[in-house]
Amino acid sequence: MTDLLSELLAERDWLLGDGATGTTLFNMGLEAGEAPEIWNETHPDRIRALYDGAINAGSDIFLTNSFGGNFSRLKLHDRQNDVFTLNRIAAEIGREAADAAGRKIVVAGSVGPTGEIMEPVGELSFDSAVEIFEEQAKGLMEGGADVLWLETISAPEEYKAAAKAFQNVGAPWVGTMSFDTAGRTMMGVTATDMVAMVEGLENKPIAFGANCGVGASDLLRTLIGFGKANTSIPVVSKGNAGIPKYVHGHIHYDGTPELMGEYALLARDAGAKIIGGCCGTLPEHLVAMKAALESRPRGPVPDADTIRATLGEFSSDSDGLDAGTAPKRRNRRRDA
Amino acid sequence: MSDEEDDLILSELNDEELVLQMMDDLYDGMKAEIEEGVNILLERKWTPYDILTKSLVEGMAIVGVDFRDGILFVPEVLLAAGAMKGGMAILKPLLIETGAPRLGKMVIGTVKGDIHDIGKNLVGMMMEGAGFEIHDLGINNSLEEYIGALESEGADILGMSALLTTTMPYMKVVIDTLVEQGKRDDYIVLVGGAPLNEEFGKAIGADAYCRDAAVTVETAKELMAKKHNQLSA
């Protein structure tokens, strides 16, 4: 049985992902503190408008409004008993929007982190994490998602727990991590670490990659890291539209559509097959990205200078990979 | 762990070696060894304040520098902070008893609507490691909760954290309310979280944006010193 995403990946050279969910809903009037997932129930029209924004901009894939729709995050809003329902509706609205589009569009059920730290450092056990992801996955698949889409993960244990949960549900999936700390995830995972982890999974994703983090330059460097690891699994790139700025009481990302167009080209040159945006990426950015990808030829894998000159400075000197120059842990007396 | 490591007997080290070893053990997140080291120094008649500042705080400062420089990552820092906490649990009652000087008190919490607390916890642990007192409000805090705690705790510093672009504007709501109530100058306000930046911190009227836990400690020390100078001037 082939899923729609695998089918499109086989047919096409690149696929356009979607943009920001949180930023867009915020622009529609979501208040600080509200759980966006509750809008699936209370404002289905706005969620449909969110999805249609991506569809009309030319996206081949869009993510459902369910990023924080797991037990531990909904618990904050005392909605932990509605995990299945809120996720099901998120996917149902997506299914309707995709079916009305008149072309093949992948409904990807968004699954974000639990927000908890896993054992042994933290409290959340592997089995509990699997259970949390499984509950959400069931709701999304019931609502008609084509694939599940894990994103913004920083801990390898959490990525593995989600893989196991999606296996239990029998759902095809994609999973990206967020590399925001000196070229690594917050938990210290490098681009090559991630490839090794993904390759080692029993239930491998259709595609893997990077999302969010700190700006498009850093994200591209991570893509180049993936490329060095030489994997055959398709790579996803979903970078933020610049950096958040606070303008007249709202958060505004400073990346222009033109800049995101350049980002999309460099992401493709760096080996990404699914290219979208993350925070701050609006339909106008997606239109510019699609236009750039359709009208301009492929180039060589960009080097650091090209990335810097096109998209701006990196947030750190190291990509976390260069063993020769990367700083090392101090020498320990007990080890001596 | 190899046999050689097990052979290291803390109580046989002289003070200087022991302190260096404790810094190493803190770096490696070895809680039992830190507790043992603290107890040995207490037996050797070190004051609780000296143990705190000369072994634990200095050790955590090294952890902080390597975290800032991308050598250590969150898991290692959490382990180090856990070890630090073990030592602090022994020292805390003794510090109060002996009337040791205090650096300052911080009320810290994640803003309303935001349940992310990894960064906030790290800041709390590193601040505690640096000798500050921490009153942790946890996640999802309203302005009433922040301001109420600042007053009831007699705090010097307010620390607010947000990980979402949808929740970070709430920091401004809290700061604006402090201004309205004429209390803004009573506190040092520090903000942090992945989507924030220096410009945002300025725009909402915080004293500083802190990129990570290590920077928070440095900034808090600096601003507390400034505050003391102003008071005495």
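Here, buried means under 20% relative accessible area, exposed means over 50%, and partly exposed lies in between (1.4 Å probe, protein chains only). By that scale B:Glu151 is partly exposed, at 43% relative accessibility.

## About the model

This is a predicted model, in which local features need pLDDT of at least 70 and side-chain atom pairs count only at pLDDT 80 or more, while totals for chains, interfaces and linings use all residues. Residues are numbered from 1 along each chain as its sequence is written, chains are lettered from A and ligands numbered from 1 in the order in which they are written, and side-chain values use heavy atoms, with hydrogens and water left out.

## Salt bridges

Let's start with charged pairs. A salt bridge is a side-chain nitrogen of Lys or Arg within 4 Å of a carboxyl oxygen of Asp or Glu, and the count over all chains comes to 28. B:Glu151 pairs in this way with B:Lys183, with 2.8 Å between the closest N and O atoms. Helices (H or I, at least four residues) and strands (E, at least two) are DSSP runs, numbered from the N terminus. B:Glu151 sits in helix α7 (residues 143-153) of chain B and B:Lys183 in the loop between α8 (170-180) and β4 (188-192) of chain B, so the bridge ties together parts 32 residues apart in sequence. B:Lys183 is buried, with a relative accessible area of 18%.

In chain A, A:Lys104 and A:Glu7 meet at 2.9 Å, N to O, in a salt bridge. A:Lys104 is in the loop between α6 (83-99) and β3 (106-111) of chain A, and A:Glu7 is in helix α1 (residues 4-11) of chain A, 97 residues apart. Both are partly exposed, A:Lys104 at 40% and A:Glu7 at 30%. A:Glu11 joins A:Glu7 and A:Lys104 in a network of salt bridges. A:Asp99 and A:Arg95 also pair, at 3.1 Å between the closest N and O atoms; they are four residues apart in helix α6 of chain A, about one helical turn.

## Nonpolar cores

A nonpolar core is a set of buried Ala, Val, Leu, Ile, Met, Phe, Trp, Tyr and Cys residues joined through side-chain atoms within 4.5 Å. The largest has 108 residues, and those touching the most other members are A:Tyr159, A:Met194, A:Phe226, A:Tyr263 and B:Met160. Another core, apart from that one, has 56 residues, including B:Met23 and B:Ile108.

## Cavities and a pocket

On a 1 Å grid over the protein atoms alone, a cavity is a set of points where a 1.4 Å probe fits but cannot get out; a pocket is an open set with protein on both sides within 12 Å along at least five of seven lines; lining residues have an atom within 4 Å of a point. Grid points are joined across faces, edges and corners, and a volume is the space filled by probe spheres set on the points.

The whole structure has three cavities of 30 Å³ or more. The largest holds about 110 Å³, and among its 15 lining residues A:Asp18, A:Gly19, A:Ala20, A:Leu50 and A:Ala54 are closest to the centre. Helix α4(A) gives the most to this lining, four residues. The second largest cavity, of about 40 Å³, takes the largest share of its lining, four residues, from α5(B).

The second largest pocket has about 690 Å³ of space. Of its 29 lining residues, A:Ile117, A:Glu123, B:Asp117, B:Asn121 and B:Met125 lie nearest the centre. B:Met125 also lines the second largest cavity.
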